[in-house]
Amino acid sequence: TPDDGSFTWTADNCGPPGDYSIRVTGSCGVLDTSDGTFSIPECSLSLSAPNGGEHWDPGSEQTITWDSATCGDAVRISLMENGGLCKTIVASTPNTGSFLWVAQICEAVGCGYKIRITDLATNKFDESAAAFCICLPCVPTVDSPDGGESWEEGTSHAIRWDPVAGCDAEVKLELLRGGTVCQ
């Protein structure tokens with residue numbers, strides 16, 4: 001580089017994190033090295049939300065959160081579906097640790113979604129530990145029993161509800177006594 005007394009360098013680890021110094025060598029082989037060492041912390045990303053198991057309604061506002069204090073100034077946020085890139089939520093946003101997003105589906109409502117945060121300076125990334133769901137609220141309506149019935153112990157009765165189209169293939173039935181689950 002020209003011997004003008006300054007050079008702008010983008011810090012980059014050349015192996016595992018450690019103690020670094022700079023050496024400047026002139027054309028005649030005369031050199032000088034930094035008086036002390038400095039460190040280059042390795043970029044470490046940790047996505048905290050959504051991190052798996054959440055159920056978000058399409059169109060609802062959700063906050064994506066992460067920790068990446070040792071990384072660059074900007075991150076990319078991507079929506080993954082069933083292991084593949086579904087869409088880029090934002091190509092570049094300040095690395096503030098949170099981003100407000102209006103949840104959107106890719107192909108269909110479902111439970112195979114993950115969020116991926118990528119540091120733009122190093123391309124290191126982290127994503128949701130497990131899948132989360134972006135789906136419409138599924139609230140079946142109980143039709144029978146509807147109240148006032150008297151069922152003798154040991155007799156069989158049909159429990160009926162209106163299923164909600166596009167929801168889970170299975171439902172969970174529970175017996176409540178005084179509002180508390182007993183079976």
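The points below go through the disulfides and then the remaining cysteines.

This is a predicted model, in which local features need pLDDT of at least 70 and side-chain atom pairs count only at pLDDT 80 or more, while totals for chains, interfaces and linings use all residues. Residues are numbered from 1 along each chain as its sequence is written, and side-chain values use heavy atoms, with hydrogens and water left out. A search of the whole structure finds three disulfides. A disulfide here is a pair of cysteine sulfur atoms within 2.5 Å.

**Terms**

- Helices (H or I, at least four residues) and strands (E, at least two) are DSSP runs, numbered from the N terminus.
- Buried means under 20% relative accessible area, exposed means over 50%, and partly exposed lies in between (1.4 Å probe, protein chains only).

**C43 and C71**

- The sulfur atoms of C43 and C71 lie 1.9 Å apart, and the two residues form a disulfide.
- This link of C43 and C71 is right-handed, with 90° about the S-S bond.
- C43 is buried at 10% relative accessibility.
- C71 is also buried, at 14%.

**C86 and C106**

- C86 is joined to C106 by a disulfide, with an S to S distance of 1.1 Å.
- C86 belongs to strand β9 (residues 84–94), while C106 is in the loop between β10 (98–102) and β11 (110–119), so the pair ties together parts 20 residues apart in sequence.
- C86 is partly exposed, with a relative accessible area of 22%.
- C106 counts as partly exposed too, at 23%.

**C111 and C133**

- C111 and C133 form a disulfide whose sulfur atoms are 1.9 Å apart.
- The link of C111 and C133 is right-handed, with 105° about the S-S bond.
- Distant parts of the chain are linked here: C111 is in strand β11 and C133 in strand β13 (residues 132–134), 22 residues apart.
- C111 is partly exposed at 40% relative accessibility, whereas C133 is buried at 6%.

**Further cysteines**

- C28 counts as exposed, with 73% relative accessibility.
- C182 is partly exposed, at 45%.
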